[in-house]
Amino acid sequence: MKIGLLGRILIAIALGVALGHVFTLPWVRIFVTFNSIFGQFLGFIIPLIILGLVTPAIADIGKGAGKLLLITVGIAYADTVIAAILSYTTGTTFFPSLIGNGAQTLDPVEKSAEILPYFTVNIPAALDVMSALVLSFIMGLGIAYGDHKVLRDATNEMKAIIVGVIERVIIPLLPVYIFGIFLNMTFSGDVMRMMTVFAKIIVVIFALHIFVLIYQYLIAGAIVRRNPFRLLANMFPAYLTALGTSSSAATIPVALKQTRKNGVSEGVAGFVIPLCATVHLSGSAMKITACAFTIALLEGMPTDFPLFLHFIMVLAIFMVAAPGVPGGAVMAALAPLGSILGFGENEQALMIALYIAMDSFGTACNVTGDGAIALVVDKLNRKKDGVKEEAA
């Protein structure tokens, strides 16, 4: 029987919690050793993920539909930033009371760091995160505005290699990595308090993603002068499809059909919906921001707005370039989580587990929101072409 990534992650968490009360220290140190090596590999590959994904994403902006492409990507980026800021604002308002004492720290995480691996392997990164991001912008813009076919082909081939590493190496090993983290934390202390806290946070995040969809369609409805709730209701089949498949790509046919049902022209719908399936990840950014804020709060790390605004602005770039594979968004987000928020190995593993546990809801939010963007782009395109719209 084939078990999906979410199922494997949940099994890994359950086994980690259960066996943490059974395994002796030598057994725990085996998995601590694996996690140490895998963590080093992640630190090495993250700058390459940035270089391999962001560069071709920026280069592709220079081709295709020109201004229409730039408008769509710009709206997707802005909406992602707004959703993440809304998530942070909600976190500052509600999370401290849900958690209890925000000054408390996750004792199991701190104690788990005291269990040493049998040996370590140092894998230094070829370049740091910000250097990779700046280089990606330089290369991407250079390719976009120049006739550099060889470099374009090379960056696309590098993207294929990076996506292959994510799909064939990182994603399959994630359950083992997360099992080791929860085994480590359970062996070192009481992990149940942390799990109870995140159960409350997940409920808030679910409510928040519904609110995000409502405000997206309120704005789109105001722009196109249509009933926003009827427009949102028309997208419900796409929402359910994404919820069941956890795949933006698999939902494209349904999203296209429902977007055209909302009155979007066939040409704009056929352009915007497939594009937004890749570049519009407002639901994912919202989840990542909420989970990151929670972990920072529990760990006693800085949670001030300027720091998180910096994180959100950079995160939104990585969301635009995130690969369309299970867990791809959170893998792309590991770079700003580590370089800006200072998340270490254990905090990043918790982020991965929490994100994947809510993956289908984030995908549903992303895909349904694509319909709102299509409405706005269609309106702008009609206005540009001087097409008079009939009254709704």
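This report looks at two residues and at some annotated spans of the chain.

## About the model

The model is predicted, so local features need pLDDT of at least 70 and side-chain atom pairs count only at pLDDT 80 or more, while totals for chains, interfaces and linings use all residues. Residues are numbered from 1 along each chain as its sequence is written, and side-chain values use heavy atoms, leaving out hydrogens and water.

## Gln216

Let's start in helix α7 (residues 192-224), where Gln216 is found. Helices are DSSP runs of H or I with at least four residues, numbered from the N terminus. Gln216 counts as buried because its relative accessibility is 6%; buried means under 20% relative accessible area, with a 1.4 Å probe and protein chains only.

Which residues does Gln216 touch? Setting aside residues up to four places away in sequence, they are Asp79, His280, Ser282, Gly369 and Ala372. Contact here means heavy atoms within 4.5 Å.

## Leu375

Leu375 has a relative accessible area of 4%, so Leu375 is buried. Beyond its neighbours within four places in sequence, Leu375 contacts Tyr217, Ala220, Val224, Leu231, Asn262 and Val264.

Leu375 and Ile223 are 152 residues apart in sequence, yet their C-alpha atoms are 8.5 Å apart in space.

## Annotated spans

An unreviewed UniProt entry places the feature "transmembrane region" at several spans, including residues 30-56 and 165-185. UniProt positions follow the numbering used here, feature names are shortened, and annotations may be inferred rather than shown by experiment.

In the model, residues 30-56 are 100% helix and 0% strand, with end C-alpha atoms 39 Å apart. Residues 165-185 are also 100% helix and 0% strand, and their end C-alpha atoms lie 28 Å apart. Strands are DSSP runs of E with at least two residues.

Technical notes: Buried means under 20% relative accessible area, exposed over 50%, partly exposed in between (1.4 Å probe, protein chains only).
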